[in-house]
Number of protein chains: 2
Amino acid sequence: MTIQEMGLRAQAASRTLMTSAGAVRNAALEAMAEAFAANEAKILAANALDLANARENNMSESLQDRLRLTPERIAGMRQGILEIRGAADPIGVVLGGGVLSNGLRTEQVSVPLGVIGMIYEARPNVTADAAALCLKSANALILRGGKEAIHSNMAVAGALREAIASVGLPADCVQLVEDTSRESANALMRANGLVDVLIPRGGAGLIKAVVENATVPVIETGAGVCHAYVDARAEIAMALDIVENAKVSRPSVCNALETLLVHAEIAAEFLPKLAARLTGVELRCDEPALRVIDGTPATQEDWAAEYGELILAVKVVPGLDEALEHISQYSTKHSECIVTNDYAAAQRFLNEVDAAAVYVNASTRFTDGGVFGLGAEIGIATQKLHARGPLGLRHLTSGKYLIYGNGQIR
Amino acid sequence: MTIQEMGLRAQAASRTLMTSAGAVRNAALEAMAEAFAANEAKILAANALDLANARENNMSESLQDRLRLTPERIAGMRQGILEIRGAADPIGVVLGGGVLSNGLRTEQVSVPLGVIGMIYEARPNVTADAAALCLKSANALILRGGKEAIHSNMAVAGALREAIASVGLPADCVQLVEDTSRESANALMRANGLVDVLIPRGGAGLIKAVVENATVPVIETGAGVCHAYVDARAEIAMALDIVENAKVSRPSVCNALETLLVHAEIAAEFLPKLAARLTGVELRCDEPALRVIDGTPATQEDWAAEYGELILAVKVVPGLDEALEHISQYSTKHSECIVTNDYAAAQRFLNEVDAAAVYVNASTRFTDGGVFGLGAEIGIATQKLHARGPLGLRHLTSGKYLIYGNGQIR
């Protein structure tokens with residue numbers, strides 16, 4: 001099927017979803033969760049095929065791990081769908097309104113975005129997450145996953161489509177593009193009029209390709225080059241805890257720490273203590289840092305790197321101004337943190353750093369839809385349009401003004 | 001200067017604006033308003049040059065009228081700036097927040113988008129409007145107007161830049177691209193990392209070109225193929241008033257009516273009365289309509305046309321379903337209206353029509369930032385991301401989470 005045909009089917013499904021009752025969408029989500037139990041063997045067999053191909057193609061162990069499904073992971077996906085089912089209906093929420101002086105009553109309500117396109121790589125769990133979030137928010141979904149996960153994705157999407165149809169909604173609420181060529185991705189990126197929004201999920205290369213090629217509006221998610229600035233007036237013990245937590249607790253995620261900036265006044269005391277705590281972390285240091293701790297000399301590339309692993313770039317700065325300047329230059333505007341007990345420094349950092357989330361005396365690891373009370377998240381937006389920061393169900397909606405008159409003219 | 005250089009200057013200006021006090025921005029707006037008085041002669045002379053070129057190039061009278069500045073119009077632009085000055089500061093507004101169970105205090109505040117690019121055609125008043133809205137909302141602005149208005153735009157932008165600098169803000173808060181080649185527009189559309197948002201203002205061709213070429217996020221504004229559906233249970237007098245007002249009061253604007261759908265049961269009574277009211281309006285009718293009124297036979301193109309003048313497409317439909325189907329197919333999702341006294345029909349229309357504004361028993365002409373209480377508008381968005389419908393100052397902002405901790409780790 002062409003992307004054009006899939007888009008038309010998605011449009012039709014979207015019209016049904018737009019006026020569907022929340023109870024029907026919840027019934028579909030229950031059926032989707034049950035479909036994981038009923039189709040577990042089939043999904044695992046399909047995944048085994050993908051994994052065999054991955055080994056044949058010498059896929060790295062960490063990528064294979066992302067691709068791998070297990071009974072536990074399938075149970076996790078099922079649980080995730082049930083949690084989304086339990087969330088409040090994001091559709092039809094009254095966002096505002098009032099009565100104009102001419103008597104017109106206006107009411108702005110939340111409505112689905114319409115048709116969402118999702119372009120992603122080799123994580124089959126995205127297929128289930130995205131389908132559940134879109135169905136809950138009454139959006140039709142076109143999934144275009146990577147070829148590495150095609151068998152897994154077909155098995156998952158097939159089970160989900162059957163489940164959706166079983167409650168009387170169109171199976172085309174969720175469609176999977178089976179053609180994993182570059183052409184199908186490009187067609188989806190340029191399907192204006194059929195696809196309302198595109199959400200890429202994956203590495204920096206994928207996001208960049210989508211931003212550069214898409215004519216459909218894109219919600220950019222992902223890249224996180226997060227900084228912690230340990231100020232001269234930081235409490236040393238707190239700074240050690242925060243830097244260790246932000247770097248080590250889960251280095252592969254986008255809210256993990258990549259670069260540490262340390263005030264020169266405190267570097268000689270702080271850095272050796274930090275190095276003692278961060279055994280197992282490679283430290284890429286500028287010259288002043290290397291005078292007090294061991295490490296690899298940092299290159300220009302290190303300041304812009306999103307390592308995603310146990311590596312930390314370390315730079316000594318003469319003060320807050322230079323820390324702000326460095327962050328302004330290298331930040332991807334995701335999450336940034338200052339550790340200080342200086343009121344004025346904290347205020348300047350909060351005001352002057354341009355990022356989705358700016359922290360004083362807390363780990364950057366908290367930037368998360370669940371933590372921020374948004375429920376399951378579909379990504380963390382690093383652009384400024386539509387929504388910035390964690391994207392929850394409410395961000396998969398748009399608004400519509402309903403206007404009740406009795407003959408008003410202008 | 002290249003777009004790249006202008007983008008870097010805009011970034012620098014944006015950083016100053018981001019932390020500027022509202023009082024300083026208001027002082028700049030006052031100075032901008034005064035600059036119009038002080039530079040009136042210079043601006044009119046530059047405009048005369050553009051108008052002379054326009055006549056030489058046989059520009060249509062209506063386009064010349066858009067291009068023309070007069071002392072009254074300059075006074076209007078000045079007044080518009082003062083009104084924007086008087087609006088509440090859209091920056092730093094607390095959008096939400098609370099305390100997490102671990103004691104972290106979160107606060108989401110409104111922040112500027114950053115650098116806004118505006119691509120527009122031959123209306124020099126856009127230069128002043130956009131500059132005032134962006135300055136009020138602490139956004140740096142890069143203007144790329146059409147070559148037809150280049151002298152006027154240079155005079156206006158020059159006066160505005162001087163005014164901005166006079167209060168100590170960077171003149172580069174507002175920059176005008178003096179190179180009006182296609183290359184400069186394309187470079188602006190692809191200035192990712194330098195420009196945060198692009199807002200095209202102009203005809204359908206311009207909007208389409210921007211949507212197709214831009215890799216910078218775009219807020220799509222403009223096209224309005226608006227429908228009125230006169231139901232079998234419409235009050236005839238009310239329907240006549242609404243259709244006449246929506247079509248005739250200001251046919252060039254995007255919330256004006258383009259297509260009338262009439263229920264077959266009421267067509268024989270309603271259409272002759274309407275034709276008698278709409279003298280001076282060309283009616284492009286389908287066959288059933290032509291059986292009861294005179295008019296030009298409508299072609300397929302008429303259903304998709306945004307006339308912007310005194311032409312109305314007229315179609316008789318067997319009922320609400322067919323009206324909804326027609327609207328779904330041809331609407332640009334701007335403003336749609338039903339005239340009826342049938343409760344169920346009104347509810348279905350409100351629920352099933354997908355548009356920025358859906359009206360019962362009122363003219364589509366009310367879709368407007370000022371009317372909706374948003375203040376001066378920068379356009380009316382017909383896409384679903386970020387903001388849908390009239391765009392006011394608040395839509396020129398993004399959000400930022402400020403997070404206050406005392407050592408929390410995850």
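Residues are numbered from 1 along each chain as its sequence is written, and chains are lettered from A, with ligands numbered from 1, in the order in which they are written. Because the model is predicted, local features need pLDDT of at least 70 and side-chain atom pairs count only at pLDDT 80 or more, while totals for chains, interfaces and linings use all residues.

**Two helices of chain A**

Helices (DSSP runs of H or I, at least four residues) and strands (runs of E, at least two) are numbered from the N terminus. Helix α10 of chain A, residues 236-248, packs against helix α11 of chain A, residues 264-277, at an angle of about 45°, and their axes (lines fitted to C-alpha atoms over the stretch in contact, with angles from 0 to 180 degrees between N-to-C directions) are 10 Å apart. Residues in contact (C-beta atoms, placed from the backbone, within 7 Å) are listed here.

| Helix | Contact residues |
|---|---|
| α10(A) | A:Ile236, A:Ala239, A:Leu240, A:Val243, A:Glu244 |
| α11(A) | A:Glu269, A:Phe270, A:Lys273, A:Leu274, A:Arg277 |

**Between the chains**

The contact takes 57 residues from chain A and 57 residues from chain B. On the side of chain A that touches chain B, β16(A) gives the most, with eleven residues. β13(A) pairs with strand β16 of chain B, residues 397-408, in the parallel sense over five bridges, where pairing asks for at least two bridges found by DSSP. A:Val358 stands opposite B:Leu402 in β16(B).
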